[in-house]
Amino acid sequence: MTANDHSPNHLQLTRGGQLRHFLTLDGLSRELLTDILDTADSFIEVGTRSIKKVPLLRGRTVVNLFFEPSTRTRSTFELAAKRLSADVLNLDISTSATSKGESLSDTLLNLEAMASDMFVVRHSQSGAPHFIAESVTPGVAIINAGDGRHSHPTQAMLDMLTIRQNKGGFEGLKVAIVGDVLHSRVARSQIRALNELGVEEVRVIAPGTLLPRDVESLGCTVEYDMERGMKDLDVVIMLRLQNERMEGALLPSEREFFRLYGLTEDKLALAKPDCIVMHPGPINRGVEIESSVADGPQSVILSQVTNGIAIRMAVMSMAMGGQMSERQQAQTENEGSRA
Amino acid sequence: MTANDHSPNHLQLTRGGQLRHFLTLDGLSRELLTDILDTADSFIEVGTRSIKKVPLLRGRTVVNLFFEPSTRTRSTFELAAKRLSADVLNLDISTSATSKGESLSDTLLNLEAMASDMFVVRHSQSGAPHFIAESVTPGVAIINAGDGRHSHPTQAMLDMLTIRQNKGGFEGLKVAIVGDVLHSRVARSQIRALNELGVEEVRVIAPGTLLPRDVESLGCTVEYDMERGMKDLDVVIMLRLQNERMEGALLPSEREFFRLYGLTEDKLALAKPDCIVMHPGPINRGVEIESSVADGPQSVILSQVTNGIAIRMAVMSMAMGGQMSERQQAQTENEGSRA
Amino acid sequence: MTANDHSPNHLQLTRGGQLRHFLTLDGLSRELLTDILDTADSFIEVGTRSIKKVPLLRGRTVVNLFFEPSTRTRSTFELAAKRLSADVLNLDISTSATSKGESLSDTLLNLEAMASDMFVVRHSQSGAPHFIAESVTPGVAIINAGDGRHSHPTQAMLDMLTIRQNKGGFEGLKVAIVGDVLHSRVARSQIRALNELGVEEVRVIAPGTLLPRDVESLGCTVEYDMERGMKDLDVVIMLRLQNERMEGALLPSEREFFRLYGLTEDKLALAKPDCIVMHPGPINRGVEIESSVADGPQSVILSQVTNGIAIRMAVMSMAMGGQMSERQQAQTENEGSRA
């Protein structure tokens, strides 16, 4: 055991500091985040070729383990894995495996025994990918594709890639995150990444009912009034409003939300003239964002989707690389101790 | 803009006359249809090899976008794409993506942003593939896998391939299409193709309630009595009867339909002795066709299925080729105008 | 016609005695079973590589034809086929193809016409894979992935591989099969394989209500009392208890079953000290088996899963090889008779 084993990152990093799982942005250094962005940059080019394939995961088995359905996120991971030349197995656990009453743990043990190399995990419970990474056989990489309200680290990283592409870097930027921060696993990961990468200010803009208690402690300022909040912004990230929130007491109505926090051309005009507009999709047009803004010249929403494939290729290949170098080191040490 | 842009085919052909989308047979020349048949012929051989693969779409991403479920058609496109070495993503939109309330247009923009190269589209609304082709990014090919009552061009082309294989060509042939022409997207495409390829006569045989108004304008003769209609035929194409039609007032009963328009050995004997029997499948035995005829020596129904893979490989590879040559030309022109 | 055509194995063996379908263990010789185990052994190594691929089925089309849903079994066949480099088409027939009222026979004819090379068939009716093998086009291999109560030959063979790995061979072994033998397709295949491979004793341990009539005729001894039955065992194979049996009159309750026939540490202590514990999965912890036994040092349950991939790769590649050599021989004979 080394001191590393007790840091929050002993799970997702090798002793040499390489990524071996990708669970959360917490504890990841600016250097590592930049490494992910640089690796993703190199994959952007792959997407423009006619032969969109690199052999990095050739012969590897990637299992998409979705305990919560999400066609969109699953598709991007499936495409990313196929472009890395992996074999992909899609398991929609919400409808299938547990129908025979098998426990999560037994399902995982079985999939590992089939010589899977990577699990891409989506789960409604926060911490599920951590739990799996703790128990999984060495050599198998876990990628978090969204867990409960906790985090959605590939989404946050594709946002960072999009910001860097458009702004050249992070220094001096003022970035706002607007909307339902309380229920958003994306927002937590974004605030973490923006701070680590060194933006000047992360501002959250939302009604008090959609903010977590003590939100400032995450590393952001708070603004309840959107018009004031738009001032001086370089980047505005709109969050998706979960329609089901409307039915509770948290929000008056979609129309009222749009009036106060929807991104319109008028409100966008209050930000810097070159402020970019982001949204993780799918968009609720006329609820979080006006169509003319979503489709307008400042919107980079579709670049985010393109970058999502590149980021997923990056973390999948980096985590697999970390697992392999760890395995080699273990073998070397075993041979050393036997000699 | 050239004159071409205003012809019905500016959408599916490049300026050089190459296929770039495959939406409808309307407006396609006999030369181009023959080119498709010849290309498919070369793929028939691929299906007989142990290694049934050609690298024409290697590294390309083909998305099966089925807004209307059809396991059979989807499977043939999936196999065709895999035999062309493409990566395939199956999206059953009827059950998934729109569950989050995203519009068709936004779903498509997202899939394009994932660097998809081709959408195979099945939709219950006539014109949906055209609509998609109009708005899609240059470089992405759209293949119509059946839209509403409008058309099903790969089905019609596999029928043409089957006729040519068995009859050597089209000249002088008398071909009948029997059954529910009114609701059939296949029939419209078949009548168009048969006329363009130069058969002597296309005859539709059906009760008046199952014929579109002014059906002769499509390029066919009409016969209400099947016994008279069978006379001198070289080819008889049975249409599938949609069971749900029975429940309306359009038809008395399955038994009555079979008595009048079902293809029996007796009725088939009224055609030429070497008349071939076709059906797009799945067959309703004892409704449209007698089992002994479906399985008999004049039936080429299973050849149609085999030819379906070859035709789909042909139009997919031709459309991708058209997109690529168009892109190259655009680059050359850009460079020219810059110089 | 040769005498072979009338033996029970004319279906699954070529005239030269090679596997061409894999339907049942009945009639397969010790030599052939050993050949399957040896071939699987060579694939075990493939699963430990980073590039888990061999090109034996490259360009082949394998159709997973599941008339009864089973995510787990389907996944192992899918992975096995992909590691053999085949193209895989998953068809869940229970929900799809027959929705248009097509018969099993027509569905199969269509899939054959698409130039499929292999059908992996799971069906709730005993004999369905035999029926399909009887009617299928020469050149297409059928693999039984479980049919009714009849047999599940790949499951039995992966069990044999696991026994051989742990015991070095079969001679002199005492093996018990415990639980619901009556409804188990696995048990029949296991009893057959164990006898052919030459174990000393196959013992079934179960209440009389869960035993088939005249069970001894399958080649086993019977023990109703588990404590007596555990004596001298080298291998104990627990069967999965189908929960739905509980609702009938066959069993008093899960708790009562566990008390009498569940494998506990205490009962396991009555067997030989190196007795291994097997279960086909998914496990009902606390019903058939105590968790500490399932996860204990004598359990080889997860090795069974790993071996399942290797056995499926073995029978798929052997059956394809048999089909090819038969086809070549037929061609040679045709040429000979023409000359």
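**Domain interface in chain A: close-up legends**

**View 1. Polar contacts across the interface.** Eight residue pairs, both at pLDDT 80 or more, are in polar contact between domain 1 of chain A and domain 2 of chain A. A polar contact is a pair of N or O atoms within 3.5 Å; within protein, one must be able to donate a hydrogen and the other to accept it, and residues adjacent in sequence count only if both atoms are side-chain atoms. This is a predicted model: local features need pLDDT of at least 70, side-chain atom pairs count only at pLDDT 80 or more, and totals for chains, interfaces and linings use all residues. Residues are numbered from 1 along each chain as its sequence is written, chains are lettered from A, and side-chain values use heavy atoms, without hydrogens and water.

**View 2. Salt bridges between the domains.** Three salt bridges (side-chain nitrogen of Lys or Arg within 4 Å of a carboxyl oxygen of Asp or Glu) are counted between domain 1 of chain A and domain 2 of chain A. Arg185(A) forms a salt bridge with Glu68(A). Their closest N and O atoms are 3.1 Å apart.

**View 3. The two domains.** An automatic or database assignment gives domain 1 (3–151 + 308–321) and domain 2 (153–303) of chain A. Contact (heavy atoms within 4.5 Å) joins 34 residues of domain 1 of chain A to 25 residues of domain 2 of chain A.

**View 4. Buried area.** The two domains of chain A bury about 2,300 Å² between them, 60% of it on carbon and sulfur atoms. Buried area is the accessible area (1.4 Å probe) lost on putting two parts together, summed over both. In domain 1 of chain A, Leu25(A), Leu37(A) and Arg149(A) lose the most area to domain 2 of chain A. Together they make up 29% of what that side buries.
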